[in-house]
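Open the model in your viewer and keep the selection tool ready. The tour starts at a pocket and then moves to charged pairs.

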Amino acid sequence: MKQVILLGASGSIGVQTIDVIEQHPDEFELVAFSVGKRIQIVRDVLAKMDVKEVCVMNKEDADALSLEYPNVHFTYGDEGLIHLASLDKGDIVVNALLGFAGLIPTLTAIVHKKDIALANKETLVAGGMFVKEAISKHGVNLYPIDSEHSAIFQCLQGNPHKSIKRLIITASGGSFRDKTRAELEGVSVKQALSHPNWSMGAKITIDSASMMNKGLEVIEAHWLFDLPFSKIDTIMHRESVIHSMVEYEDTAVMAQLGTPDMRLPIQYALTYPSRLPLASEPLDLLKLSTLHFEPLSFERFPLLKLAYEVGEKGGNLPAIMNGANEAAVAMFLEEKISFLEIEEYVHKAVHDLEFIAHPTLEEVIASDKKARAYVIQCVKGA
Ligand code: MG
């Protein structure tokens, strides 16, 4: 029995993680979870699983739920997340938190000798160097849940790292893939939120439309697979059937294919190196007519270009870029700025804020805060 701690049970990945656990009651036991704003998820999960540790967002909810479930220990906020990450029990922590908030709980779980199944790419983007260092120091494993990185991880099995020629990360292109830059003027939140292939949370759907998501994934791949940026390529692949590829020195290209269902990467991160059955739509090859591939233009998607530059420079810049993007996306979702202003403010923050080549963890946390504050201040002043 593998004991699972799930951080972020109420988001899209969290709900699907619960589904995977439910499909394999003899393999996995959920021992703790946290939720964001959707408190009802707590009741839904507790109705079907015997979990004794739950973290919610605020004290009021924790107090109210404690009365409702006297046998469950409720904690709240950042301290609650750290409490869950430090529990004596729990073999693996599924980090499905949103954004930079996932970094400290990840580092805490590593120190407490728990393996990490990571859906929270912002953790690696902003604090990759600290995560890698902690992982080797404490001897735990880090498994990707992001579909592209899970695909690459699967394609790497049994092959020597030194023979990798390049990674090819596929991108569906997001909700605006057929729009020119001129046509992006004045697009609405609703338009941005309708992704052609994947059903995901709001933040990542906007990031897919701006191609920031692919940029974050390039940096994520750099840390996960120990490869320079020159060996990480991206390509547009509309069908989202090939989830990513690895090309080797002998020209062999390994690809992982499947229907777009996040439960496979979630399950593989939990069962690695084993594979278990999964109640999911199988890929029907005969229904696939053609697979399309197109270049991803840096002119059309400037945030992808920026991510390569920022990743290459390193230091606190990825944290600045990520923090600015999180703030800008939140303001776009609140209809305070336009879609194209997201990239404008992200560029501005990366350009204007102080670069630190070798930041401490505290400096990375401060850079994230500064980037958010800077974007908010620029919007107010505009
Ligand atoms: Mg992805």
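The lining of the second largest pocket has 11 nonpolar, four polar and two charged residues. Note that this is a predicted model. The pocket holds about 320 Å³ of space. Select Leu142, Phe153, Leu156, Leu224 and Phe225: of the 17 lining residues, these are the closest to its centre. Now colour by element. α6 (121–138), β7 (142–144), α7 (147–156) and α10 (212–225) each give two or more residues to the lining. β7 supplies the largest share, three residues. Colour by domain next: domain 1 (2–144) and domain 2 (146–313) each contribute at least three lining residues.

**Salt bridges**

The structure holds 24 salt bridges. Begin with a network: select Lys121, Asp146, Glu148, Lys214 and Glu217, which salt bridges link together.

Next, pick arginine 263 and aspartate 19. Their side chains form a salt bridge at 2.8 Å, N to O. Arginine 263 sits in helix α11 and aspartate 19 in helix α1, so the pair ties together parts 244 residues apart in sequence. Arginine 263 is buried at 17% relative accessible area; aspartate 19, at 25%, is partly exposed.

Move to arginine 43 and glutamate 68. Their closest N and O atoms are 2.7 Å apart in a salt bridge. This pair joins helix α2 to helix α3, so parts 25 residues apart in sequence are tied together. Arginine 43 is partly exposed at 28%, and glutamate 68 is partly exposed at 40%.

Last stop: aspartate 368 and arginine 372, a salt bridge at 3.0 Å, N to O. Both lie in helix α15, about one helical turn apart because four residues separate them. Aspartate 368 is buried at 5% relative accessibility. Arginine 372 is partly exposed at 22%.

How values were computed: Residues numbered from 1 in each chain as written. Predicted model: local features only at pLDDT ≥ 70, side-chain atom pairs only at ≥ 80, totals over all residues. Heavy atoms only, no water. 1 Å grid on protein atoms, 1.4 Å probe; cavity = no way out; pocket = protein on both sides within 12 Å on 5 of 7 lines; lining within 4 Å. Points joined across faces, edges and corners; volume = space filled by probe spheres on them. Nonpolar A, V, L, I, M, F, W, Y, C, P; charged D, E, K, R; others polar. Domains from an automatic or database assignment. Salt bridge = Lys/Arg side-chain N within 4 Å of Asp/Glu carboxyl O. Buried < 20%, exposed > 50% of the residue type's maximum accessible area, 1.4 Å probe, protein only.
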